[in-house]
Every structure is written in C-alpha cells, then in structure tokens.
Amino acid sequence: MKNIYSLFTKMLFLSLFMALPLIFFGQENAKGNDTQKTTNFSPYWFLQADFGPSWAHAEVAKTTFFPDFGSFNVNGNLAFGRQLKSWLSIYGNFTRGFADGQLSKQDNTYAYIGRNLRFASDYLGGDANVGLNLSDLLFGVKDRVWYVGFHAGLGQYQWKSKLNDDNSGQLLVSHGYS
C-alpha cells in the first residue's frame, strides 16, 4: 500500500512540474488589446422550476428529531418573474407538495396510545416576492460566480392532512378535507 502512495505522489509532482510552463503562458497579456471589460444589463423575464424529495418532520415519524427519511414524497415549485435591474427582481411562486409518515409503537416510545399511526398531507401555495442582489447593489455590476442577496414577500399556503390508525384503518383526525 505504501508503494501505491509513493507512486501517486511521484505522479502528482511530475504532473505539476509539466504544467508549470503553461501557467506562465496563460498569464501573458496581448499587447495593444487593453480594452476594459464591461457588463451591460437589459431587463428580462424569467421562468424557474424545481422539483425534489420531501420528508416529514412531524410527531408521526419514526424519528423525533431528524426528518423521517423512510417516508419519501415529492414537492415542486414554479416561479415566473421579471429582473428589472441587475440588483432588483419581482416574481411569483406556485408550490405543490406532499408529505407523509408513520409511527409504530415498536419504533418509538412516543407512539400515541399504543397505536400504529400513519399520516398523509398535501399542500398548495403561492407567494409574491421582491428579490435584491446585494452584491450588485453595493459593489457594482460585474460577472460573478456567487452573489449575496435576499428576498421578501407575501404568500398563502393551504394544508390538508389525515391521520389514520394503521391497525384498524380508522380515520382519527382530518384537517382541510371535506
């Protein structure tokens, strides 16, 4: 095993030594081509979406502190907006998602009256936001890999959930369902 590490170290030093001349040539400036790089901004419309897994962190879960990774579901978000300035945007979100979990009396001492419980819920929501790119606002417009910003807005989410006894199939609690 020691020979493998020694061979790896020799190969690493050799590759760094071979790449050294390229570093110097990559830093050379072309003479007579000293133009300033500028960034222009034009307002634009945008559409963004995300889709991913959801795990419940609720009382009816196999774990009491961490999300219950054994109960997997999905959620998604769709946003539409306008970038007005390089540092200012307005947009709206539409969100749809699902969460579920189960708790058996063997998994956890918190089990409700010795029952095996299962819950299912879904949510639907929307909000309107204003976003600020603080990097461009405070330090000028530049091409950046990372930026610092924040957003604020108003929104509304509607939840529906059901809690069932797994043994009898009896509905114990229902919120939002008619």
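## A first look at this predicted model

T95 sits in strand 3 (residues 88–103), where strands are DSSP runs of E with at least two residues, helices are runs of H or I with at least four, and both are numbered from the N terminus. This is a predicted model, in which local features need pLDDT of at least 70, side-chain atom pairs count only at pLDDT 80 or more, and totals for chains, interfaces and linings use all residues. Residues are numbered from 1 along each chain as its sequence is written, and side-chain values use heavy atoms, with hydrogens and water left out.

**The chain as a whole**

- Two helices and six strands make up the secondary structure of the protein chain, and along the sequence they follow the pattern α-β-β-β-β-α-β-β.
- Of the 178 residues in the protein chain, 23% are buried (buried is under 20% relative accessible area, exposed over 50%, partly exposed in between, with a 1.4 Å probe and protein chains only).
- Contact means heavy atoms within 4.5 Å; among contacts between residues at least 6 apart in sequence, 58% join residues at least 24 apart.

**Around T95**

- Is T95 buried or exposed? T95 is buried, because its relative accessible area is 10%.
- Its side chain makes a polar contact with the side chain of N77, at 3.2 Å (a pair of N or O atoms within 3.5 Å; within protein, one must be able to donate a hydrogen and the other to accept it, and residues adjacent in sequence count only if both atoms are side-chain atoms).
- Not counting residues up to four places away in sequence, T95 touches G76, N77, Y123, L124, G125 and Y157.

**Around G176**

- G176 belongs to the segment after strand 6 (171–175).
- G176 counts as exposed because its relative accessible area is 57%.
- Leaving aside neighbours within four places in sequence, G176 is in contact with W159 and K160.
- G176 and S161 are 15 residues apart along the chain, and their C-alpha atoms are separated by 6.6 Å.
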